[in-house]
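Hi everyone, thanks for coming. Let's take a look at this one together.

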Amino acid sequence: VPNGVVEIENDALWYSKHLVRLSIPSSVQSMGTAAGCDLLEEISVDPNNAAYCSVDGILFTKGQTELIWYSRHRSDTSYDIPSSVEKIGPQAFGHCENLKTVNIPNSVKTIDTQAFYACTGLTSIAIPDSVTALGFWVFQDCSGLETAAIGDGVTKLDSTFHSCGSLKTVTIADSVTEIASYTFYGTDLEDVYFKGSKEQWDAITIDYNGNSRLESAAIHYNS
């Protein structure tokens, strides 16, 4: 990207199938998503850029408060998100099939839409209590995901585990007040461990449309 460019719009990078490396100059102040850039291996950022930074090829906002993009081509099987991160951006880990474990620190408050889309290698995930905003389809198509735990900052689940075909067990905090349609669509859900009482579970607004596995699962209270 030439120096002097201030903004890289979404359409500029969207599904750039042949892009392998991207260098962001100091002038860029805002940029769109790199989602769908199938061959993109790393993003480098000029150290003088005031808005973004790159650490080992991973793109963050300056100060590493938001993780924007992690390459699907990395060979790492585990990743510890830095404790400075407060937000995981949309499709930040999209199609990162090699990852089996991602540790989310208590600094994270927001996990955006499809943040872990099609991370087929993930087998378990724990959302910390610090997370209060959970986007749509966060773990959609994570076909290897078997267990998940929702921290007590989350109040709504919305298509969160759509098409997670191996998901059998989920732990849900008693902070959850709504489970929207298709949250557990296409899962193999068998057991729900709910941290509250049966009365609290019965008070949750649940849309069973696309949630037949939740309807048939065993609910374990005060777990």
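What you see here includes an open sheet of 6 strands, in the order β5-β6-β7-β9-β11-β13, with mixed pairing. Strands here are DSSP runs of E with at least two residues, numbered from the N terminus, and two strands pair if DSSP finds at least two bridges between them. At the edges sit β5 and β13 (133–134), each pairing on one side only.

A quick word on the source: this is a predicted model, where local features need pLDDT of at least 70, side-chain atom pairs count only at pLDDT 80 or more, and totals for chains, interfaces and linings use all residues. Residues are numbered from 1 along each chain as its sequence is written, and side-chain values use heavy atoms, leaving out hydrogens and water.

Now let's follow β6, residues 58–61. Are its faces covered or open? Both are covered: Ile 58 and Phe 60 on one side, Leu 59 and Thr 61 on the other, are all buried, meaning under 20% relative accessible area with a 1.4 Å probe, protein chains only.

On to its neighbours. β5 (residues 52–55) pairs antiparallel with β6 over 4 bridges, and Tyr 52 has Thr 61 as its bridge partner. The two strands form a hairpin with 2 residues between them, and Asp 56 in the turn has a positive phi of about 55°.

β7 (residues 66–69) also runs antiparallel to β6, joined by 2 bridges, with Leu 59 opposite Trp 69. This hairpin has 4 residues between its strands, and Gly 63 in the turn shows a positive phi of about 90°.

Notes:
Buried < 20%, exposed > 50% of the residue type's maximum accessible area, 1.4 Å probe, protein only.
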